[in-house]
Structures are given as structure tokens and as C-alpha cells.
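Take a look at the model below.

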Amino acid sequence: MRIDVFTLFPAWFNWFADQRHVRNALEAGLELDCIDLRAGTPLSGGQVDDTPYGGGAGMVLRVDVVAASLGGHYGEDPIARARTSRVIALSPTGRQLDDELVDELAAEPALTLLCGRYEGFDERVHERLASDVVSVGPYVLSGGELAAMTICDAVVRKLPGALGDERSAAEESFSSALEGDPEYPHYTRPAEWRGHGVPEILLSGDHARIDAWRREQSRARGRARAERDR
Ligand code: ADE
């Protein structure tokens, strides 16, 4: 898979790319590239944004700047590209990221992530240059970079070879193995800590009963979450 991130802060991703599971994925064939939106701007003085039509606070990232950066990088018309490839604009107004969308994105050969800043993108970026607009949650971040990292992280850990143990991804929260429920609780040594023990069943060595207990814990968490969300 190839992931290209268009951002005003490409250096932020150096830290991310240096994390063990990302390095594993890179060694297994992932290509991760960060493109500086400011470096590709056709405007003078490195300008990338402008004041909003109609007035109001903040600055808006210009559609011509994003288009020039995409066109320069891919060597094709950016509107045409968004019709044939996943080009994701990060915005709190978008479709909320969940495990289903992560699975969908992890199956793509290539992802392009567009990080907004300030008041976000000119709406024509969403409408013409992106195939998807995605939010990582109903709150506002200072820009799309952490949202893009969230998507990269969630996608990359699903790629073969990223995690040391493939079972980690198979039976985790929201996976189909757990029928979309949150993961069951985990415990490790010490078996007794300040008078707080661990569930006896986990020490029993009876793997069939342990599996059944874990599945039930997971379901109970799913029910509690549904109750909270009502
Ligand atoms: N940019 C600012 N806030 C965001 C969010 N919640 N999701 C995606 N991109 C964002």
C-alpha cells in the first residue's frame, strides 16, 4: 500500500514513521510519503490560505493550492484522480471513522490524505478534489495532521506484518471475531495487587471456559456501550 499525506507540517510525520509497527509495515512494503502543501503553492511568498468569502474569523486553505500540489505530485488532473483513487480530506464535518471504514481503507492499494489547518479547506476541495471527507470524532482538532495519523495508524496495524502477532488484530475491539463488540479485559502479573485479584477463571488453564468468559465480557461491554449511546 502507498499512503501520501499532504500537509503544511510534514515533519510531524517523522515521529510517526519511526514507530515500531510503522517501521515493520514500511519494511514489509508500505510506502509513506509526506508532501508539503506550501512547497507546491503557485502563490508568492508561500501563501496557501486566504480570508473567507462572506467574512468571519480565520483563514481557509485555497482549492487552487491543494490542486497544484496534488497535480504536481501525481502528474494528473486532481479532479480525475479523486474519481479513481481514495483521496481523503480530513475534516470534523466528514463521515466518522470506524472499524468498518478502516477495513475498507486498508484494502485499498493507495490512500491520499489531505490535512487542513485554520478554518479548514475551501469547500471545493471536499467537493472536487476528494473522494471522501472523514472525521476522527465529533470534536475539533487544530488541523488534520493528528486525524491523518489516526487513520494511518488504524490502517497500518491491519496490514500484514505490522504487528508482531497477527492474532492481536484479529481479536481486538470492534473486529468481526468479536462481532463488533469492544475487547474483553486483560490481566497480567501480579495475580494479587493491593488486595485486588484477577478473575479466577483466567488462572484455571481451561481454555474453552476462558474463551466463553471472554466472549461474554466482550458482549457485556457492547451492551453497556449501546446503553450509554442511547
Ligand atoms: N480537523 C479538525 N478536526 C478534525 C476531526 N475531528 N477529524 C478530522 N479532521 C479534523
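**Salt bridges, ligand and fold**

The whole structure holds 22 salt bridges, a salt bridge being a side-chain nitrogen of Lys or Arg within 4 Å of a carboxyl oxygen of Asp or Glu. This is a predicted model, in which local features need pLDDT of at least 70, side-chain atom pairs count only at pLDDT 80 or more, and totals for chains, interfaces and linings use all residues. Residues are numbered from 1 along each chain as its sequence is written, and side-chain values use heavy atoms, with hydrogens and water left out.

Start with Arg 81. Its side chain meets that of Glu 76 in a salt bridge, at 3.1 Å from N to O. Arg 81 is buried, at 14% relative accessible area (buried means under 20%, exposed over 50%, partly exposed in between, with a 1.4 Å probe and protein chains only). Glu 76 is partly exposed, at 32%.

Arg 23 pairs with Asp 18, with the closest N and O atoms 3.7 Å apart. Arg 23 is partly exposed at 35%. Asp 18 is also partly exposed, at 47%.

Arg 95 bridges to Glu 104, where the closest N and O atoms are 3.8 Å apart. Arg 95 counts as partly exposed at 39%, and Glu 104 does so at 31%.

Now turn to the ligand. Which residues lie around it? Among them are Leu 90, Ser 91, Pro 92, Val 136, Gly 137, Tyr 139 and Ala 147, each with a heavy atom within 4 Å of the ligand. A ligand nitrogen is 3.2 Å from a polar backbone atom of Ser 91. For Val 136 the distance from a ligand nitrogen to such an atom is 3.0 Å, and for Gly 137 it is 3.1 Å. Taken alone, the ligand exposes 260 Å², and the protein buries 96% of that (Shrake-Rupley method, 1.4 Å probe).

Ala 147 leads on to helix 7, where it is one of the buried residues. Helices are DSSP runs of H or I, at least four residues, numbered from the N terminus. Nine of the 12 residues of helix 7 are buried, so the rest of the structure largely encloses it. Met 149, Ile 151 and Cys 152 are among these buried residues.

Finally, the domains. Domain 1 covers 2–156 and domain 2 covers 170–228, with bounds from an automatic or database domain assignment. Their centres, taken over C-alpha atoms, are 36 Å apart.

Key:
Helices (H or I, at least four residues) and strands (E, at least two) are DSSP runs, numbered from the N terminus. A polar contact is a pair of N or O atoms within 3.5 Å; within protein, one must be able to donate a hydrogen and the other to accept it, and residues adjacent in sequence count only if both atoms are side-chain atoms.
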